[in-house]
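Hi,

Here is the structure I promised to pass on. Please have it open while you read the notes below.

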Amino acid sequence: MRTSEITRRPVVTMAGEDVAQIKDVIYAAGGGTVGGFTLAGRGLFAGPLKEGLAWESVHALGADAVMIRDETVLQPTKVVLAASRASGGSGADVLGSQVLSDAGLDLGVVRDVIVSVDRATGGHCDVVGYEIEASEALGTQGERVLIPLPDTLAASGEHLMVPASAKEFVGRDLAGFGAAVEAFRAQLGGAG
Amino acid sequence: MRFSEAKGRKVVSSSTAATVGKVSRFVVDPATRAVVAVELRKTQDGDVLRWSDITAFGADAVTVTDADKIGDGGEQVKALSGKSHRVLGKRVLTSTGDELGKVDDVDFDPASGALTAILVDKGPEVPAGRLLGVGSYAVVVRDEP
């Protein structure tokens, strides 16, 4: 799912109370996984909360709500941010970064981040791709396309480096994107 | 029996044979998945009747031994009363965070007060055994295994 769809989603306890809503996504492990979320209060005029939500405390990330056990799992935002930084999270926002292939081609500019929850690997929330505004190099200039990412990637806040072969696995909609990511990662795994 | 069917049913005292009120709303405890009390209207004093004080929840009337059983319901019932704990009309979320629809009606066993099913407006009914919580935002049910 797109991270832009996760923001503003309510955070709901198992007792059915909406204690917060998602404000922003915190990335961990070099931008490869979701480390947690910063939160805002519910309602039109509610500001940001001092508490954040670590990914480990998320019971489920659903289409309509982020479920947590109860409100005691919320931690101070500083703690959640520090934990993500410790694991190599850049903390920098990838939106607007330029995506470069390792062949030196500019593929486009990041407009959205695609994440997927992988139950097989202990329920990590993996960053599997970016929605980018395509550049000339992709032959579909100006269009929004989805580009799969390897398990780990280099991000500087200015540039994001992806293997040149990612170009071959560009998708247009989320429906077939999961398969494209798997194929792309399998190919990388095979080559390395 | 459905909440919608039972609503408006008269409550009759078996000692005086007089109607002491009418069923208006149900107070549900999500932990025990049962009706713990009914809220009444058109009563003399107080408006809550605890389930344990009901003699019988019959097809035509609810009977109580005496009108003095009707009161404020006590602490436990008060904590579960109010808009945020009401089930009808509330959105239904699964424990995985997906919305199933809104609660249309609730089915319960008139003999024990135990809930049997939650009827959702745009989906199949949810067995009451999956109920996890009722809060101000949603009714939370366990995801299907």
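B:Val92 touches B:Glu99, B:Leu100, B:Gly101, B:Lys102, B:Val103, B:Ile118, B:Val120, B:Val126, B:Ala138, B:Val139 and B:Val141, leaving aside residues up to four places away in sequence. Touching, or contact, means C-beta atoms, placed from the backbone, within 7 Å.

A word on the source. This is a predicted model, in which local features need pLDDT of at least 70 and side-chain atom pairs count only at pLDDT 80 or more, while totals for chains, interfaces and linings use all residues. Residues are numbered from 1 along each chain as its sequence is written, and chains are lettered from A and ligands numbered from 1 in the order in which they are written.

Confidence: chain B averages a pLDDT (the predictor's confidence in each residue, from 0 to 100) of 91, and 97% of its residues score at least 70. For the complex, the predictor gives an ipTM of 0.85 and a pTM of 0.84.

Back to B:Val92. In the largest nonpolar core, 88 residues, it is among those that touch the most other members, with A:Val11, A:Ile147, B:Leu49, B:Ile118 and B:Val139. Strand β2 (residues 18–28) of chain A gives this core its largest share, seven residues. A core here is a set of buried Ala, Val, Leu, Ile, Met, Phe, Trp, Tyr and Cys residues joined through C-beta atoms within 7 Å. Buried means 20 or more other C-beta atoms within 10 Å of the residue's own, with C-beta atoms placed from the backbone.

Now the interface. 16 residues of chain B are in contact with 17 residues of chain A. On the chain B side, β7 (91–94), β11 (131–134) and β12 (139–141) each supply at least two residues. The largest share, three residues, comes from β11(B). Strands are DSSP runs (E, at least two residues), and helices are too (H or I, at least four), numbered from the N terminus.

Chain B also has an open six-stranded sheet, ordered β4-β3-β2-β1-β6-β5, with mixed pairing. Its edge strands are β4 (48–50) and β5 (54–57) of chain B. Two strands pair if DSSP finds at least two bridges between them. β5(B) and β6 (residues 61–64) of chain B run antiparallel, joined by three bridges. B:Phe57 has B:Val62 in β6(B) as its bridge partner.

Last, chain A. It has three helices and 13 strands. Of its 192 residues, 38% are buried.

Best wishes

Definitions and conventions: Buried ≥ 20, exposed ≤ 12 C-beta atoms within 10 Å, placed from the backbone. Contact = placed C-beta atoms within 7 Å.
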